[in-house]
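Here is a short tour of one model, written for someone who likes the cut-offs spelled out. Have a look at the sequence and the fold, then read on.

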Amino acid sequence: MAAPGPVNPEAPFDPSKTPVIEGFSPTVYSNPESFKEKFIRKTRENPMVPIGCLGTAAALSYGLYCFHRGQSHRSQIMMRTRIAAQGFTVVAILLGLAASAMKSRP
């Protein structure tokens, strides 16, 4: 077997700098977004996801409250409602991904 030859990089590796990849832009936005701005943008792009998340949290909270109060039948109903709300959220995420994939096609 032949030993590999020495590697002569064109420029030394500098870990403090972001690597430059031709044709790749790490962000499509020129200025960095704050958490609030990103949340508002993502909510406008797919408003069903936050609605599903709020529904899931509400069903979970009320179900736990009913469980604590000893209302086991209502607690079971709310846990099933929570599962339905989680399913709604997952479907909303998948539909949002499909819509953004179709939008980005040439």
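Let's begin with Arg-41 and Glu-45, which both belong to helix H1 and sit 4 residues apart, about one turn of the helix. Helices here are DSSP runs (H or I, at least four residues), numbered from the N terminus. The model is predicted, with local features needing pLDDT of at least 70 and side-chain atom pairs counting only at pLDDT 80 or more, while totals for chains, interfaces and linings use all residues. Residues are numbered from 1 along each chain as its sequence is written, and side-chain values use heavy atoms, leaving out hydrogens and water.

**Salt bridges**
- Arg-41 and Glu-45 form a salt bridge, with their closest N and O atoms 3.1 Å apart; the term means a side-chain nitrogen of Lys or Arg within 4 Å of a carboxyl oxygen of Asp or Glu.
- Glu-33 also meets Arg-41 in a salt bridge, at 2.8 Å from N to O.
- Through shared partners, Glu-33, Arg-41 and Glu-45 are joined into one network.
- How many salt bridges does a search of the whole structure find? The search finds 2.
- Glu-33 counts as partly exposed because its relative accessibility is 31% (buried is under 20% relative accessible area, exposed over 50%, partly exposed in between, with a 1.4 Å probe and protein chains only).

**Aromatic pairs**
- Searching the whole structure gives 2 aromatic pairs (rings of Phe, Tyr and Trp, the last by its six-membered ring, with centres within 6.5 Å; planes under 30 degrees apart are stacked, over 60 edge-to-face, the rest tilted).
- One of them is the stacked pair of Phe-35 and Phe-39, at 6.4 Å centre to centre and 20° between the planes.
- Both of these Phe residues lie in helix H1, 4 residues apart, about one turn of the helix.
- Phe-35 is exposed because its relative accessibility is 70%, whereas Phe-39, at 46%, is partly exposed.

**Asn-46**
- Asn-46 lies in the loop between helix H1 (35-45) and helix H2 (48-69).
- Asn-46 counts as buried because its relative accessibility is 17%.
- A polar atom of the Asn-46 side chain lies 2.9 Å from the backbone oxygen of Ala-92.
- Leaving aside residues up to four places away in sequence, Asn-46 touches Ala-92, Ile-93 and Gly-96 (contact means heavy atoms within 4.5 Å).

**Helix H3**
- The buried residues of H3 are Ser-75, Met-78, Ala-85, Thr-89 and Ala-92.
- These buried residues of H3 pack against H2.

Definitions and conventions
Helices (H or I, at least four residues) and strands (E, at least two) are DSSP runs, numbered from the N terminus. A polar contact is a pair of N or O atoms within 3.5 Å; within protein, one must be able to donate a hydrogen and the other to accept it, and residues adjacent in sequence count only if both atoms are side-chain atoms.
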